[in-house]
Amino acid sequence: MSPPLAKPTTTSIFFPSKPPPPLYTFLLLTALCLLGFFYALHHPQNPKATLQHTSTLFLSYASNSTISSYLHSLTLHPHLAGTEPSLDTVNYVVSHFKSLKLETHKKEYQVLLSYPVKSSLSAHFSNGSVVNFNMNEFVDSSESEKVVAPYHAYSPSGTVHAKVAFVNYGREVDYNTLAVLGVNVSGCVVLVRKGQGLSRGGVVKIAESKGALAVLLYAEEGRVTGGVERGTVMRGVGDPLTPGWAGVEGGERLGLEDSEVHGRFPKIPSMPLSFGNADVILGSLGGRTVPPEWRDSGGRSRVLRVGPGPAKVNFTYQGEKKLVTVHNVFAVIKGLEEPDRYVILGNHRDAWTYGAVDPNSGTAALLDIARRYARLMQKGWNPRRTIILGSWDAEEFGMVGSTEWFKALGFFASATPQLDNLIIEATKKVKDPEAEGATVYEKWAARNQVNMIQRLSGVDSDFAPFLQHAGIPSIDIYYGRDFPVYHTAFDSYGWVQKYADPQFHRHVAVAGIWGLLALHLADKSILPFDYLSYVEQLQRHTGVLGKLLDRNVSLHPLITSIQELASAAKEVEYEVKQLREHERRGDFIDLKLRALNDRLMLAERGFLDVEGLQGRRQWFKHLIYGPPSNYESKLDFFPGIADALSQSTSKSQQDRQAAIQHEIWRVGRAIERAAGALKGNLT
């Protein structure tokens with residue numbers, strides 16, 4: 001999930017995301033199925049005016065210097081999850097929440113994380129010379145000792161002495177290109193440049209299948225900084241020893257050799273490499289020249305070749321997997337009228353190194369939102385629904401903390417479609433950090449004429465377990481996109497202060513948008529969900545899908561189910577208008593509001609399928625948004641259909657069509673379930 005400059009996340013009540021951005025955060029609204037009724041404590045005569053006043057006060061409490069001070073404190077030293085220094089950030093967040101007199105909780109889990117013991121790499125050239133590479137980012141060993149050595153979490157240990165082959169991004173299409181050139185990478189160490197949407201784990205998995213012995217992965221963003229990008233290569237999300245249940249002390253755990261656990265780890269070792277070290281190896285390769293479409297690699301003027309060899313590398317990596325304790329921290333602001341309904345704002349806290357951009361720009365925003373909410377409470381405000389501010393641990397290892405709990409600079413947003421209008425409304429109220437006199441919305445809209453709001457199909461950050469497993473509407477927002485110090489030792493407070501956001505204006509903007517989203521979700525008497533937006537998005541998805549299908553495959557199940565959802569959404573729209581009129585007259589409609597809000601929250605869960613996605617991916621239950629198994633898929637929605645399209649190429653035409661048609665029926669039934677939930681049907 002590379003990152004931006006300021007990032008939050010939210011769903012119905014939740015927000016987050018990656019590629020890592022400079023400011024991470026997210027918000028989420030969890031709908032609980034509870035028995036019985038709850039009677040409102042009070043009924044404001046003009047809830048709209050009250051919310052407007054609260055929102056104005058919230059924005060007026062913004063403070064650049066305060067967010068800056070939070071970020072500085074959070075990044076005084078590296079704080080890798082499961083290590084002793086990480087406890088300082090845990091205690092800092094706990095102390096902050098308690099100082100604001102917020103109800104504060106800490107939840108601990110025992111999970112399997114991975115750490116490096118030692119690594120080395122040397123190149124042996126045909127003229128007999130040898131280069132021993134410095135695998136760290138600092139010449140000064142005292143600086144290197146402060147941060148964890150660059151590594152890939154969950155890589156197996158191994159030693160390899162072999163020729164090197166350059167495989168571009170390491171995609172199937174790249175290996176196919178090499179095959180046309182007569183290049184076989186079996187028995188080689190492959191050198192890969194990161195990019196094109198392929199995860200580290202995906203790179204290693206494909207290399208395994210081609211017979212490679214090891215992988216060296218470098219990021220061209222490190223060309224300027226000399227940084228080395230750390231990251232995980234484990235497949236899937238959450239603690240590998242406790243799939244489907246929380247890793248609590250004394251609880252059930254699978255063994256390391258269990259097939260389900262073992263299948264999540266790569267079989268060949270891999271290591272990250274600096275751009276400079278990768279360039280030395282690239283310059284030593286012989287063989288065929290790289291194809292024209294590969295020649296933008298690093299903007300080099302010299303001719304590059306793919307190998308293998310003649311240079312060889314000695315590659316050694318030794319790591320260890322350990323059961324460690326990670327800590328999630330929560331602050332709770334109880335709702336007055338619906339305390340059993342929750343809006344969750346969450347952001348991960350752990351980092352590979354100092355983590356100023358990824359993730360603690362978002363953590364600083366989260367702490368500032370807590371401060372502003374506390375000031376509102378001093379003025380007499382309390383939310384209608386309960387607000388939870390969550391600080392997750394161990395996200396960098398695969399969304400471990402959030403999963404265990406639940407089981408070009410610019411503004412970017414991704415969300416489930418019923419939240420689109422809410423995002424637009426919030427961005428219209430926050431000043432743009434760069435354009436004088438403009439709002440975030442105005443600049444955002446000018447830059448993105450089409451598809452302003454993206455969807456949450458990737459496994460990019462902590463929204464994954466909430467949306468893709470539990471069916472909770474979610475939002476992920478951030479400033480910026482790629483940044484050159486991502487997951488390196490140079491992701492520091494100094495870098496943010498000097499380059500990313502010197503005046504902390506972007507941090508303030510993200511905190512403002514994030515906090516407003518939560519206020520609207522927590523305080524509006526009727527949840528601001530627009531399922532007609534969902535209908536329009538599903539219709540567009542169906543149109544794109546239709547262009548990829550054989551004529552013998554029918555879209556009828558999708559078309560009719562979307563029509564049913566449209567009918568339900570229109571009925572809800574009319575019901576909302578009626579209830580708002582009753583509100584204006586002062587009628588007692590609390591139970592009707594409660595029933596409507598439950599339907600609005602539960603509709604997203606209709607898109608879940610108990611069997612989940614096929615091919616050992618049952619954990620992913622959402623049939624509209626989830627990760628396709630093939631990273632080259634032409635669909636970033638309908639993941640089950642996407643898998644059927646990509647996996648059926650080896651089947652007969654009849655079997656291929658049947659597999660695709662079955663997945664279309666599954667999605668159609670899911671949309672019907674969502675429509676039924678929205679209508680309040682019992683079956």
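This is a predicted model: local features need pLDDT of at least 70, side-chain atom pairs count only at pLDDT 80 or more; totals for chains, interfaces and linings use all residues.
Two packed helices are described by the angle between their axes and the distance between the axes. Helix α17 spans residues 531–546, and helix α18 spans residues 556–585. Their axes lie 8 Å apart. The packing angle is about 165 degrees. Angles over 145 degrees count as roughly antiparallel, and α17 is therefore roughly antiparallel to α18. The crossing of these two helices is left-handed. On the α17 side, the contact is made by Tyr531, Leu532, Val535, Leu538, Gln539, Thr542 and Leu545. Helix α18 contributes Leu558, Ile559, Ile562, Leu565, Ala566, Ala569, Lys570 and Glu573. By class, the contact of α17 with α18 holds 11 nonpolar, two polar and two charged residues.

Helix α3 covers residues 86–99, and helix α10 covers residues 360–378. The axes of α3 and α10 come within 10 Å. They cross at roughly 15 degrees. Angles under 35 degrees count as roughly parallel, so α3 and α10 are roughly parallel to each other. The crossing of α3 and α10 is right-handed. Tyr92, Val93, His96 and Phe97 make the contact from α3. Their partners in α10 are Thr363, Leu367, Ala370 and Arg371. The contact of α3 with α10 has five nonpolar residues, two polar residues and one charged residue.

From α2, the contact involves Asn64, Ile67 and Leu71. From α16, it involves His505, His507, Val508 and Ala511. Four residues of the contact of α2 with α16 are nonpolar and three are polar. None is charged.

Aromatic rings were searched next. The whole structure contains 19 aromatic pairs. One of them joins tyrosine 373 and tryptophan 381. The ring centres of tyrosine 373 and tryptophan 381 are 5.6 Å apart. Their planes stand at 45 degrees, so the pair is tilted. Both tyrosine 373 and tryptophan 381 are buried. A further pair joins tyrosine 531 and tyrosine 534. Here the centres are 6.0 Å apart, with 5 degrees between the planes. The pair of tyrosine 531 and tyrosine 534 is stacked. These two tyrosines are three residues apart in helix α17, so about one helical turn separates them. Both tyrosine 531 and tyrosine 534 are buried. Tyr531 also belongs to the contact of α17 with α18. Elsewhere, Phe411, Tyr441, Trp444 and Tyr479 form one aromatic cluster.

The backbone was then examined for exceptions. Most residues other than glycine have a negative phi, and most peptide bonds are trans. Tyrosine 154 has a positive phi of about 75 degrees, although tyrosine 154 is not a glycine. Tyrosine 154 sits in the loop between β6 (152–153) and β7 (158–166). With a relative accessible area of 0%, tyrosine 154 is buried. Histidine 487, also not a glycine, has a positive phi of about 60 degrees. The loop between β17 (474–479) and α15 (493–500) holds histidine 487. The relative accessibility of histidine 487 is 4%. Under 20% counts as buried, so histidine 487 is classed as buried.

Alanine 246 is found in the loop between β10 (231–232) and α8 (259–262). Alanine 246 and tyrosine 109 are 137 residues apart along the chain. Their C-alpha atoms are separated by 7.4 Å. The relative accessible area of alanine 246 is 24%, so alanine 246 is partly exposed.

Technical notes
Residues are numbered from 1 along each chain as its sequence is written. Side-chain values use heavy atoms; hydrogens and water are left out. Axes are lines fitted to C-alpha atoms, for helices over the stretch in contact, and angles run from 0 to 180 degrees between N-to-C directions. Helices (H or I, at least four residues) and strands (E, at least two) are DSSP runs, numbered from the N terminus. Angles under 35 degrees count as roughly parallel, over 145 as roughly antiparallel, 65 to 115 as roughly perpendicular and the rest as oblique. A crossing is left-handed if the near helix is turned anticlockwise from the far one by less than a right angle, and right-handed if clockwise. Contact means heavy atoms within 4.5 Å. Ala, Val, Leu, Ile, Met, Phe, Trp, Tyr, Cys and Pro count as nonpolar, Asp, Glu, Lys and Arg as charged, and the others, Gly among them, as polar. Rings of Phe, Tyr and Trp (its six-membered ring) pair if their centres lie within 6.5 Å; planes under 30 degrees apart count as stacked, over 60 as edge-to-face and the rest as tilted. Buried means under 20% relative accessible area, exposed over 50%, partly exposed in between (1.4 Å probe, protein chains only).
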